[in-house]
Amino acid sequence: MRASAFRANKNTPQLYKAAVTPSVKVLYQTEQFDLANEYNPHISTFIPTENGIYEITAKVSFCPSKSKSDNSSKNKKDICKCDYCRKNSCNCDYCKKNHSSKDKKKHSSKEGYVASISINVNGDDLDIDNDFFEKSRPIGLSVTTILQLQAGDRVQVIFSAGANGEILAEAPLTNFQAARFPSPM
């Protein structure tokens, strides 16, 4: 039996507007590897060629916009549109890595939203992770599951949130991967 495993990363940010599309397929455009040529980066879909038991993991990092209206940014400094970045006082991990700041202040917003990530097989969400988050903090969601898949199943990652923002494009933060376990199937 031929080995089956792939890993793909997101290479460009993906704008998300909650009111326009309550849920979106996450686009993972860059293959790191694909042992059996089962991942299609053009449609961000894993299609196994063999029946079997698969472990599937998906990660999404999301930065909510400060307001309901969302404008695309032109430079890396403005990609994260949280309250921290606009005030140059960000304390979040994403902004510490990507923005410099002399004045670090703690944010005290009590506003929030729900966000979720799901593993979707043939149009059905089979495993979901969701949580409630502060309105202006970048977040990370991850879901891992073990599923029995049939050859030809279509596996995708679906994201939804109660806030506008941007799905971030950072390899360790936003990726999709699967591997088949050796089994008699």
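## Confidence and overall make-up

Helix H1 (residues 83–87) has the lowest confidence in the protein chain, with a mean of 39, whereas strand S6 (residues 45–46) has the highest, at 98. Confidence here is pLDDT, the predictor's value for each residue on a scale from 0 to 100. The model is predicted, so local features need pLDDT of at least 70 and side-chain atom pairs count only at pLDDT 80 or more, while totals for chains, interfaces and linings use all residues. Residues are numbered from 1 along each chain as its sequence is written, and side-chain values use heavy atoms, with hydrogens and water left out.

The average pLDDT of the protein chain is 79, and 74% of the residues score at least 70. Over residues 81–91 the pLDDT stays under 50, and the model has 44 contacts beyond four places in sequence for them. Residues 100–109 also have pLDDT below 50, with 19 contacts beyond near neighbours in sequence. A contact means heavy atoms within 4.5 Å.

Two helices and 13 strands make up the secondary structure elements of the protein chain. These are DSSP runs numbered from the N terminus (helices H or I, at least four residues; strands E, at least two). Among contacts in the protein chain with a separation of 6 or more, 70% come from residues 24 or more positions apart. The chain exposes about 9600 Å², of which carbon and sulfur atoms supply 49%; accessible areas come from the Shrake-Rupley method with a 1.4 Å probe, and for residues only the protein chains shown count as cover.

The largest nonpolar core has 33 residues, and Tyr28, Phe46, Ile56, Phe159 and Phe176 touch the most other members. At least two core residues come from each of strands S1 (5–9), S7 (52–64), S8 (112–121), S10 (139–149), S11 (155–161) and S13 (175–180). Such a core is a set of buried Ala, Val, Leu, Ile, Met, Phe, Trp, Tyr and Cys residues joined through side-chain atoms within 4.5 Å.

Strand S8 pairs with strand S9 (residues 124–134) in the antiparallel sense over ten bridges; pairing requires at least two DSSP bridges between two strands. Val114 stands opposite Phe132 in S9. The S8 and S9 hairpin has two residues between the strands, and Asn122 takes a positive phi near 55° there.

Cys63 is found in strand S7 and counts as buried at 2% relative accessibility. Its C-alpha is 7.6 Å from that of Ser136, at a sequence separation of 73 residues.

## Aromatic pairs

The structure holds eleven aromatic pairs. Rings of Phe, Tyr and Trp (its six-membered ring) pair if their centres lie within 6.5 Å; planes under 30 degrees apart count as stacked, over 60 as edge-to-face and the rest as tilted. Two edge-to-face pairs are listed below.

| Pair | Centre to centre | Angle between planes |
|---|---|---|
| Tyr39 and Phe176 | 5.9 Å | 80° |
| Phe62 and Tyr113 | 6.1 Å | 65° |

Tyr39 in strand S5 (residues 39–40) and Phe176 in strand S13 are 137 residues apart, and both are buried. Phe62 lies in strand S7 and Tyr113 in strand S8, so this pair ties together parts 51 residues apart in sequence; Phe62 and Tyr113 are buried as well. One aromatic cluster is formed by Phe6, Tyr28, Tyr39, Phe46, Tyr54 and Phe176.

Technical notes. Buried means under 20% relative accessible area, exposed over 50%, partly exposed in between (1.4 Å probe, protein chains only).
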